[in-house]
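Reader: I am new to reading protein models. Could you take me through this one, step by step?

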Amino acid sequence: MAYIQIPDDEKGYKLDLFCVPKHYEEDLDQVIIPHGLIMDRTERLARDIVRDMGGHHIVALCVLKGGYTFFADLLDYIKALNQNSDKSVPLTVDFIRLKSYCNDQSTNIVKVIGGDELSTLTGKDIVETGRTMETLLSLLSECNPKMVKVVSLLVKRTPRSSGYRPDYIGFEVPDSFLVGYALDYNEYFRDLSHICILNENAKEKYKV
Ligand code: IMP
Ligand code: MG
């Protein structure tokens with residue numbers, strides 16, 4: 001499946017070319033993926049998914065908290081396709097919460113909270129090592145879903161990867177710590193629309 005590759009030497013865009021909340025101005029290095037580009041890519045992922053689902057009912061499972069913006073935007077695009085074409089896919093939603101991160105480090109523990117009807121389409125923020133998704137997939141398989149497809153907006157290019165790849169990928173990104181569009185650093189930066197690189201000062205400032 002095709003995706004957009006953001007190279008390691010991507011310069012991005014200067015912060016002051018975009019609208020960024022004043023309270024984060026000192027914390028970010030540059031904008032790596034502007035909000036508009038996220039939306040354009042998400043629109044296309046929606047089209048690919050609807051094409052591949054061939055009329056099957058979708059239970060869309062959102063992986064909170066990081067996946068919530070992507071999930072909502074992706075579903076909006078799927079809904080738009082459903083109401084504007086001859087072919088449509090019935091859609092229901094569910095939510096699950098996973099937590100594995102402290103500061104900018106992945107911990108070995110993946111905590112799962114919630115989610116009662118687990119199946120088909122899983123919407124996620126970012127895959128780094130793949131450990132979070134592998135844990136969730138093994139949980140999902142216990143519910144014997146007909147089919148499970150994973151959509152992740154981002155996949156990180158990192159030597160720490162387990163080799164796990166989602167079925168649909170928005171962007172492949174360099175091995176830096178990214179925030180914005182719901183990606184957080186200790187719960188901060190979810191209220192930022194663009195995906196940005198966090199600077200070293202901010203890692204210290206928001207450390208727990
Ligand atoms: P994995 O289990 O190593 O694949 O980690 C995936 C999870 O780690 C994601 O759901 C995020 O919560 C978090 N994560 C990984 N990389 C980043 C990042 O660059 N920024 C923010 N969160 C991240
Ligand atoms: Mg997080």
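Reader: Let us start with one residue. Which residues does Val155 touch, not counting residues up to four places away in sequence?
Author: This is a predicted model, so every value here is computed. Contact means heavy atoms within 4.5 Å. By that cut-off, and leaving out residues up to four places away in sequence, Val155 touches Val127, Arg165, Pro166, Ile169, Phe171, Glu172 and Val173.

Reader: Is Val155 buried or exposed?
Author: Val155 is found in strand S7, residues 149-156. Its relative accessible area is 2%. Buried means under 20%. Because its value is 2%, Val155 is buried.

Reader: What distance separates the C-alpha atoms of Val155 and Tyr3?
Author: Along the chain, Val155 and Tyr3 are 152 residues apart.

Reader: Now the ligand. Which residues are the closest to ligand 1?
Author: The shell around ligand 1 has 17 residues. They divide into six nonpolar, five polar and six charged. The closest are Lys124, Thr129, Gly130, Thr132 and Leu178.

Reader: Which element supplies the largest share of the shell around ligand 1?
Author: Strand S6 (121-127) and helix H3 (131-141) each supply at least two residues of that shell. The largest share is four residues. It comes from S6.

Reader: How much of the accessible area of ligand 1 does the protein cover?
Author: Look at the oxygen atoms of ligand 1 before the area. One is 2.5 Å from an N or O atom in the side chain of Thr129, and one is 2.4 Å from an N or O atom in the side chain of Thr132. A backbone N or O atom of Arg131 lies 3.5 Å from an oxygen atom of the ligand. Of the 490 Å² of accessible area that ligand 1 has on its own, the protein covers 93%.

Reader: Next, helix H1. Which residue follows H1?
Author: H1 runs over residues 35-53 and has 19 residues. From its first C-alpha to its last it reaches 27 Å, close to the 27 Å expected. Its buried residues include Ile38, Leu45, Ile49 and Met53. After H1 comes a residue whose phi is positive, near 45°: Gly54.

Reader: Which residues of H2 are buried?
Author: H2 has 17 residues, 68-84. It reaches 24 Å, close to the 24 Å expected at 1.5 Å a residue. Its buried residues are Thr69, Phe70, Phe71, Asp73, Leu74, Leu75, Ile78 and Asn82.

Reader: Last, the whole chain. What share of its residues is buried?
Author: The chain has four helices and 10 strands. Its accessible surface comes to about 10,400 Å², with 51% belonging to carbon and sulfur atoms. Of the 208 residues, the buried ones make up 47%.

Key
Residues numbered from 1 in each chain as written. Chains lettered and ligands numbered in written order. Predicted model: local features only at pLDDT ≥ 70, side-chain atom pairs only at ≥ 80, totals over all residues. Heavy atoms only, no water. Near = heavy atom within 4 Å. Polar contact = N/O pair within 3.5 Å; in protein donor to acceptor, adjacent residues only side chain to side chain. Areas by Shrake-Rupley, 256 points an atom, 1.4 Å probe, with all protein chains shown as cover. Nonpolar A, V, L, I, M, F, W, Y, C, P; charged D, E, K, R; others polar. Expected span 1.5 Å × (residues − 1). Buried < 20%, exposed > 50% of the residue type's maximum accessible area, 1.4 Å probe, protein only.
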